Amino acid sequence: MPIDARPLLAQSPVIPVLTISQVESAVPLARALVAGGLPVLEVTLRTAEALDAIREISREVPGAIVGAGTITREEDIQPATAAGSQFLVSPGTPAKLAAALAHVPVPVLPGAATASEAMALAELGFGVLKFFPAEPSGGVAFLKALQGPLPGLVFCPTGGIDAANAAAYLALRNVGAVGGSWVAPADAIASGDFRRIEDLARAARALRP
C-alpha cells in the first residue's frame, strides 16, 4: 500500500514547484522558502541539475521536506529517492507507473486530471492525488464536483495556480494544499533576491492559518 501523504500536505498550504537550473541557487532558495513558512518543496526533474539540487537541499537545509516532481517513468523513481527525495510527484499516472509508485518507501502524489483517473488511483490505495493541470482541467468547479462522489480523496491542485486564485482552492474541503511556482519567480532566483522569495512564501503561508 502507498504511504499516506496527508501528513505531508498538512505541513504547508502551498508547495513551491521549483525548476532549478543552477545548483548553487538550490540551498539559498530552499532556506528562503522554509524561513517564509513553506517547508515542503517540490523540485521538478526538468533540468540536469535537479537531482544534485535535491541532494544539496536535503543535506544542507534543516526543516526542508524536499521531493522530486515530474516523475514520468518508472526509471525516475530510484535516482530520485537515492538523491534524498522525501516524496514523489507525477504529472500523470499511467498504469505501469502507478503500480511502481504504489510500492515506493516515501509518500507519492500521483497526477490525475479526470474522475476515472482518480478512481483508478484510489483503487491502488492512493488517498492523496495531484490534480494537474488544475486550471485547464476544470479548476475549483471540477474539484467541488468530485466532493460528493469521491469523498475519500484529497487533492493537491497544481497548474495555473497563483496568489490570485490559491485561496479559492484551499477553501475546498477536498484540497489539502496547492502547488505553484509563483512563490519562487525565475527572475528573483536569477538575481539572488531571496528576501523577495521569503516574503512571497510568508504571504502564501498566510493563505491558510
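**Terms and values**

Modeller: Setting aside neighbours within four places in sequence, Leu-101 is in contact (heavy atoms within 4.5 Å) with Ile-71, Ile-77, Leu-88, Ser-90, Thr-93, Val-108 and Phe-126. This is a predicted model, in which local features need pLDDT of at least 70, side-chain atom pairs count only at pLDDT 80 or more, and totals for chains, interfaces and linings use all residues. Residues are numbered from 1 along each chain as its sequence is written, and side-chain values use heavy atoms, with hydrogens and water left out.

Biologist: Which residues touch the most other members of the largest nonpolar core?

Modeller: They are Leu-29, Val-43, Ile-57, Leu-88, Leu-101 and Val-178, in a core of 61 residues. Helix 2 supplies the largest share of this core, 6 residues. A nonpolar core is a set of buried Ala, Val, Leu, Ile, Met, Phe, Trp, Tyr and Cys residues joined through side-chain atoms within 4.5 Å.

Biologist: Why is Ser-12 called buried?

Modeller: Buried means under 20% relative accessible area, exposed over 50%, and partly exposed in between (1.4 Å probe, protein chains only). Ser-12 has a relative accessible area of 0%, and is therefore buried. Ser-12 sits in the loop between helix 1 (6–10) and strand 1 (14–18); helices (H or I, at least four residues) and strands (E, at least two) are DSSP runs, numbered from the N terminus. Beyond four places in sequence, Ser-12 touches residues including Gly-37, Pro-39, Gly-176 and Arg-208.

Biologist: Why is Thr-70 called buried?

Modeller: Its relative accessible area is 19%, so Thr-70 counts as buried. Thr-70 lies in the loop between strand 3 (65–69) and helix 4 (77–82), and has a positive phi of about 60° although it is not a glycine.

Biologist: What makes Ala-120 partly exposed?

Modeller: Ala-120 is at 40% relative accessibility, and therefore counts as partly exposed. Ala-120 belongs to helix 6 (residues 115–123).

Biologist: Which residues make the contact between helix 2 and helix 10?

Modeller: Helix 2 (residues 26–35) and helix 10 (residues 194–205) have their axes 7 Å apart. Helix 2 contributes Pro-28, Leu-29, Ala-32, Leu-33 and Ala-35, and helix 10 contributes Phe-194, Ile-197, Glu-198, Ala-201 and Arg-202.

Biologist: What joins Phe-132 and Pro-133?

Modeller: A cis peptide bond joins them, with omega about -10°. Pro-133 is placed in the loop between strand 7 (128–131) and helix 7 (139–146).

How values were computed: Axes are lines fitted to C-alpha atoms, for helices over the stretch in contact, and angles run from 0 to 180 degrees between N-to-C directions.
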